[in-house]
Structures are given as C-alpha cells and as structure tokens.
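This report treats the fold as a whole and then turns to a few selected residues and their surroundings.

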Amino acid sequence: MLLCGFWSAAVGQAQTLNLTNSWSIATGVRDYVTSGTTERGIAINPVNDHVYLISRAGVLRTKVLEVETGAELLGDVYTELIAGGTFPLSTIGVADDGVIYAANLVNPASESSQYVIYRWLAEDQAYDEVYRGNPSDGMRFGDCLDVRGSGLNTQIAVGSANAATDVRFVIFTTADGNTFTPTAFSPAGVAGGALQKGITFGPGDTVIGKV
C-alpha cells in the first residue's frame, strides 16, 4: 500500500512533530501499486505540487499524482527506452526549480554496470542523461536519493551499500548545469550501509541517513 503523509509542527514552547496520513492507495486498486518491490521511488514537486511515483509493475512508468488527494493525473513522465542496471529506475527527486531527477539501481557499480542519473526539465518533456558512470567501484547505488538547490547550485545526494570500500555516500554537483560530477565521502565512524536506505540534505553541509 502506498501512503503519503506530511509533517506538521505544533506551535508552543516545545515543538512537537506529528506525521499524519493524507491519503492512501490500497494494493491492487491501481496496477502500478503492488505488494512487491516494484515501487520504490517517490517525490513531490515543490513547484506544481505533483507527486511522482516510479513503478516497475509490468512496464516501467513514472506516474503523476495530485498531492492533496493522490488522484491520478493525465500523462506519465516519459521513461521510454530507459534501460540498464539492476532496476532501470529506482529513485526520484525534484530540485527547488521543479526539475526532476531520477536514477537507476546498480549492485554493484562497475564499468559494465553504470549508475545513471536522468533529468526532466518538465514532466511533459523528454529526459536527458546528466551522469553515467561508476561513482565508486564495487558499491551499490540506487536505494536512495535526495536533491536540493537549482540550476548550477543543484546537488544530488546518493547513499551507498555493500561496504566494498569505505565510501558511504556520494554528492553530485554541476559546473555547467548539464552534466554532474560525483564526489565520494567516507566519514569516520559511519558504518557501511548506514546511508543505504535513506538519505536527505540537512542544513549547510549536513547529510542525514537511515539504515
């Protein structure tokens, strides 16, 4: 079952955060929501309030949903001819300017099994590749992704797994707005796989992960 919730802050001296369920889609009600592992990536576009859901049930699709109700909107994000990797698409994120980024999953990454990040300038446009390569040999990439900023200030964070090396996560940055370059990080005291299942940018240079 797919659930969508939002954090709300209670006003007062001590702040309390509560996660409430805004809407849900029961398994099997829509053919792109299953009880398996074919749905992994989901993101909200801050510009148009659309929700993007990647599904590999039957065929690869990125569905467009309405943020308040979960209603299915007309037209999917174009994903034809996307292929390669363990999963051709796995994770998705949206920059502050509404540009969409999504990536495959590779386990492990190598020169013959390359990590690929795609970009859509708008959901009704075709994609282009902004990165194709091997961020760190022998590592698994594609379980989590976060995006922040816009234009030349866009940053993409990706967690890693397998602990083949001491690389724990990778930050992708761009100098020209069209291609991204990876920088691998190996912080001391962070266990292998600590950022595999979830990663998000915090304030400044902070990155937060979930085992």
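Strands, labelled E, are DSSP runs of at least two residues, numbered from the N terminus. In those terms, Val106 belongs to the loop that links strand E7 (100-105) to strand E8 (115-120). The model discussed here is a predicted one.

**Overall fold**

The protein has 15 strands and zero helices. The C-alpha trace extends about 50 × 40 × 35 Å along the principal axes. Of the 211 residues, 46% are buried. When contacts between residues at least 6 apart in sequence are considered, 43% of them connect residues at least 24 apart.

The accessible surface amounts to about 10,400 Å², and carbon and sulfur atoms contribute 51% of that area. The charged side chains comprise 12 positive and 21 negative ones, with 9 Å between the centres of the two sets.

Beyond its neighbours within four places in sequence, Val106 touches Gly85, Thr86, Ser113, Gln114, Tyr115, Met139, Arg140 and Phe141. Its C-alpha atom is 8.6 Å from that of Gly84, a residue 22 positions away along the chain. Pro108 is situated in the loop between E7 and E8 as well. The peptide bond leading from Asn107 into Pro108 is cis, with an omega near -5 degrees.

Arg140 is part of strand E10, which covers residues 140-148. Its relative accessibility is 16%, so Arg140 is classed as buried. Leaving aside neighbours within four places in sequence, the contacts of Arg140 include Val106, Asn107 and Pro108, and also Arg40 and Gln196.

Which side chain makes a polar contact with the side chain of Arg140? The partner is Asp143, at 2.6 Å. The side chain of Asp143 is also joined to that of Gln196 by a polar contact of 3.1 Å. Gln196 itself occupies the loop between strand E13 (180-185) and strand E14 (198-201). With a relative accessible area of 18%, Gln196 is buried. Apart from neighbours within four places in sequence, Gln196 is in contact with Arg140, Asp143, Cys144, Ser160, Ala161 and Lys210. Ser160 and Ala161 are likewise among the contacts of Arg140.

Asp49 and Leu81 each have a positive phi although neither is a glycine. The table sets out their backbone angle, accessibility and location.

| Residue | Phi | Relative accessibility | Loop |
|---|---|---|---|
| Asp49 | about 60 degrees | 42% | between E3 (39-44) and E4 (50-55) |
| Leu81 | about 75 degrees | 78% | between E5 (61-66) and E6 (87-94) |

At 42%, Asp49 is partly exposed.

Terms used
Residues numbered from 1 in each chain as written. Predicted model: local features only at pLDDT ≥ 70, side-chain atom pairs only at ≥ 80, totals over all residues. Heavy atoms only, no water. Helix = DSSP H or I, 4+ residues; strand = E, 2+ residues; numbered from the N terminus. Buried < 20%, exposed > 50% of the residue type's maximum accessible area, 1.4 Å probe, protein only. Contact = heavy atoms within 4.5 Å. Areas by Shrake-Rupley, 256 points an atom, 1.4 Å probe, with all protein chains shown as cover. Lys, Arg positive; Asp, Glu negative; His and termini not counted. Charge placed at Lys NZ, Arg CZ, Asp CG, Glu CD. Polar contact = N/O pair within 3.5 Å; in protein donor to acceptor, adjacent residues only side chain to side chain.
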